[in-house]
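Biologist: Please bring up the model so that we can go through it together. I shall start with one side chain and move on from there.

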Amino acid sequence: MSLFDKDLIENEEQLKQTMVEEENIALLLGPGACVVETNDTESFVASLLEKLSVDYAVLSNGPLADRLKSQQGRPVYRWDAKTFRKYDDAIDSMYQLSKLPKEPKPIVIIENIADIPDGDRNIYDDPALVENILLHSWKDDTIHLHHHKNGPFQMSKCDYTVIFPVKPGDLQKLRHSIKSDVFGFVQF
């Protein structure tokens, strides 16, 4: 086998892997929330953002490729739960999200949901409260929340795609378990 043959085989394997990634990402982009378990959350998020770019040329064909193409260019918001502080971060992020245009539907990537800080209550909200706001509120079709300055507001989970990238074992660190019949679960 020549070096050319080895390169050709490697390129073909890479192409197949990219096409599988495209199809898997297309499946994640429906309404509501999905937990994605992956060993490398940064690589997953980078791949997701790359494939959602209007400049990305989808390599696969068929219905899932068409679905991915139709999702490109949607606005993407990244939140890092481990950086959230008292009052303004969790509830304010959800409030700001509720005020965004619903078309095209926003995609929200909430990272480090299992690593919400637990410390001085003058600096951090109770992690169980933050987890409820950022994660568990997506279990309901209509999300009812209360902003400490702007009062009650609501959101429909159908207006958003919410993705929680987690590492294997992270779900066991949550304060409250999540049910597979409420959230989509994908291993990437």
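Biologist: Which side chain does the side chain of Arg74 make a polar contact with?

Modeller: The partner is the side chain of Gln71, at 2.4 Å. A polar contact here is a pair of N or O atoms within 3.5 Å; within protein, one must be able to donate a hydrogen and the other to accept it, and residues adjacent in sequence count only if both atoms are side-chain atoms. Please note that this is a predicted model, in which local features need pLDDT of at least 70 and side-chain atom pairs count only at pLDDT 80 or more, while totals for chains, interfaces and linings use all residues. Residues are numbered from 1 along each chain as its sequence is written, and side-chain values use heavy atoms, with hydrogens and water left out.

Biologist: Which backbone oxygen does the Arg74 side chain reach?

Modeller: That of Leu29, at 3.2 Å.

Biologist: Where does Arg74 lie?

Modeller: Arg74 is in the loop between helix H3 (63-71) and strand E2. Helices (H or I, at least four residues) and strands (E, at least two) are DSSP runs, numbered from the N terminus.

Biologist: Is Arg74 buried or exposed, and what is the nearest side chain of opposite charge?

Modeller: Arg74 is buried, yet it has no salt bridge. The nearest side chain of opposite charge is that of Glu103, 7.5 Å away. Buried means under 20% relative accessible area, exposed over 50%, and partly exposed in between (1.4 Å probe, protein chains only). A salt bridge needs a side-chain nitrogen of Lys or Arg within 4 Å of a carboxyl oxygen of Asp or Glu. For charge, Lys and Arg count as positive and Asp and Glu as negative; His and the chain ends are not counted.

Biologist: Glu103, then. What is the peptide bond from Glu103 to Pro104?

Modeller: That bond is cis, with omega near -10°. Pro104 is in the loop between helix H4 (90-98) and strand E3.

Biologist: Back to charges. How many salt bridges does the whole structure have?

Modeller: The search finds 12. One of them joins the side chains of Glu42 and Arg78, at 3.7 Å from N to O. Glu42 belongs to helix H2 (residues 41-52) and Arg78 to strand E2, so this pair ties together parts that are 36 residues apart in sequence. Glu42 is partly exposed at 48% relative accessibility, and Arg78 is partly exposed at 40%.

Biologist: What does Lys173 form a salt bridge with?

Modeller: Lys173 pairs with Asp115, the closest N and O atoms being 3.0 Å apart. Lys173 is in the loop between E6 and E7, and Asp115 is in the loop between strand E3 (107-111) and helix H5 (127-134), so parts 58 residues apart in sequence are tied together. The C-alpha atoms of these two residues, Asp115 and Lys173, are separated by 8.0 Å. Lys173 is partly exposed at 43% relative accessibility, as is Asp115 at 30%.

Biologist: And Lys157: which residue does it form a salt bridge with?

Modeller: Asp141, with the closest N and O atoms 3.7 Å apart. Lys157 lies in the loop between strand E5 (151-156) and E6, and Asp141 in the loop between H5 and strand E4 (142-147), so the pair ties together parts that are 16 residues apart in sequence. Lys157 counts as buried at 13% relative accessibility, whereas Asp141 counts as exposed at 51%. Elsewhere, salt bridges that share partners join Glu21, Glu50 and Lys51 into one network.

Biologist: New topic: the sheet. What is the order of its strands?

Modeller: It is an open sheet of 5 strands in the order E2-E3-E6-E1-E7, with parallel pairing. Two strands pair if DSSP finds at least two bridges between them. The edge strands are E2 (76-80) and E7 (184-187), each of which pairs on one side only.

Biologist: How many bridges do E1 and E6 pair over?

Modeller: Strand E1 (residues 32-37) and strand E6 (residues 161-166) pair in the parallel sense over 6 bridges. Glu37 has Val166 in E6 as its bridge partner.

Biologist: Lastly, how many disulfides are there?

Modeller: The count is 0, where a disulfide is a pair of cysteine sulfur atoms within 2.5 Å.
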